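This report looks at one protein chain, from its overall make-up down to single side-chain pairs.

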Amino acid sequence: MFNAELLSDRLARASLQRRRNAESERQERIFKDKVRTIGVDKEALDKQIKEKKKQEEAAKEEQNACDADMLHNSKLACLLHSRQVKEKRAIEKAIVNHRHQYQQPQSQREYDLNDPDRCRKTQPGDAQMMPPGLVGEDPDSKSRRQRQREQLREWLIQQQSERAAEKHQLELEEQRDNQSRVEMDNKILQLQSIEMERRKAAAIATKEYNLAKIEEKQQTQLVGVDDKSSLDTVGVPGLCPSSDKRAPPESLQEIAQFQKYQMEEKRRMDSEKKKEEEQYDRIRVDSARTALLIERQQARLNKQLRRNLDNTNATLAHTHKQQKPDIERGCIDDNFFSKFNTCSR
């Protein structure tokens with residue numbers, strides 16, 4: 001058969017050979033006294049130092065780039081701020097110039113009212129026409145105040161009258177409500193008295209009717225007795241009249257037996273129900289006792305399992321302690337020193 005080699009096997013063999021070569025080179029480098037320095041791989045340390053320096057230089061370059069970007073952005077921000085300040089000053093200056101040129105106080109519509117030199121500009125003829133007193137004083141202020149006081153008094157009087165009318169209206173409504181309530185109560189009492197009289201009349205009529213029926217029954221019984229005595233005296237054969245309408249003795253006996261059967265049946269059902277309830281109570285008590293016993297048994301099993309687990313852990317700890325190296329237990333023999341310089345690791 002042909003020996004077919006897989007790619008995975010070839011790669012695994014190459015990787016194993018590469019690791020073996022690296023291990024042999026490491027052993028030569030470590031076990032060689034001229035290259036080794038107190039058991040330290042100097043080439044690996046130098047390589048680590050170079051990598052660390054490269055990382056520091058890259059970080060420093062990155063920090064310098066960030067600082068340069070920050071300075072550039074700060075300069076741009078200062079330039080934009082100064083430009084905005086200049087533009088704002090220019091706009092304010094243009095506004096002030098526009099006001100000085102096109103918005104003079106003399107060009108305002110109300111300037112004649114606010115002109116500080118109006119008195120000086122007033123002609124002598126116009127000054128004689130001005131009323132005495134201060135400029136802007138109201139000469140009719142007393143009469144105006146009097147009219148305001150009168151108007152306020154009228155408003156107060158009107159408010160008082162409106163409040164009095166509202167209060168009177170509320171009193172009338174409350175009085176009407178009380179009157180309607182009293183009338184309703186009187187009507188209810190009247191209806192109750194009528195109902196009581198009706199019930200009383202009905203009770204009296206029922207009583208009279210019952211008394212009449214009793215008298216009629218007694219008279220019927222007396223008439224039946226008289227008829228029986230007359231028939232007995234006549235002695236008509238074949239006639240046995242009787243006023244007793246009760247059931248015959250056979251039917252009474254059957255009724256008594258049926259009632260006795262019902263009583264026995266009720267006692268039997270009560271006894272069965274009582275037995276069933278006792279059985280349910282017994283089952284409930286037994287189930288509770290069983291659950292308690294199961295719970296106690298489970299607690300005992302858990303306790304036993306915990307004890308066994310503790311013993312097992314103690315045994316394992318003792319075994320693990322015995323399996324520790326001699327150097328950890330404080331016992332060192334010659335075999336310990338013979339293991340040195342057998343591997344580069």
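The sections below cover the basis of the model, the fold and surface, and the salt bridges.

## Basis

This is a predicted model, in which local features need pLDDT of at least 70 and side-chain atom pairs count only at pLDDT 80 or more, while totals for chains, interfaces and linings use all residues. Residues are numbered from 1 along each chain as its sequence is written, and side-chain values use heavy atoms, with hydrogens and water left out.

## Fold and surface

The protein has nine helices and zero strands; helices (H or I, at least four residues) and strands (E, at least two) are DSSP runs, numbered from the N terminus. Read from the N terminus, the order of elements is α-α-α-α-α-α-α-α-α. Of the contacts (heavy atoms within 4.5 Å) between residues at least 6 apart in sequence, 38% join residues at least 24 apart.

Buried residues account for 2% of the 345 residues. Buried means under 20% relative accessible area, exposed means over 50%, and partly exposed lies in between (1.4 Å probe, protein chains only).

The structure contains eight salt bridges, each defined as a side-chain nitrogen of Lys or Arg within 4 Å of a carboxyl oxygen of Asp or Glu. One of them joins R198 and E195, at 2.4 Å from N to O. Both residues lie in helix 6 (residues 141-234), three residues apart, about one turn of the helix.

R198 counts as partly exposed because its relative accessibility is 48%. E195 is also partly exposed, at 29%. The pair belongs to a network of salt bridges that links E195, R198 and R199.

D270 and K266 form a salt bridge at 3.5 Å, N to O. They are four residues apart in helix 7 (residues 249-322), so about one helical turn separates them. D270 is partly exposed, with a relative accessible area of 41%, whereas K266 is exposed at 53%.

R268 pairs with E272 in another salt bridge, with the closest N and O atoms 2.7 Å apart. These two residues are likewise four residues apart in helix 7, which puts about one helical turn between them. R268 is partly exposed, at 37% relative accessible area, and E272 is partly exposed at 42%.
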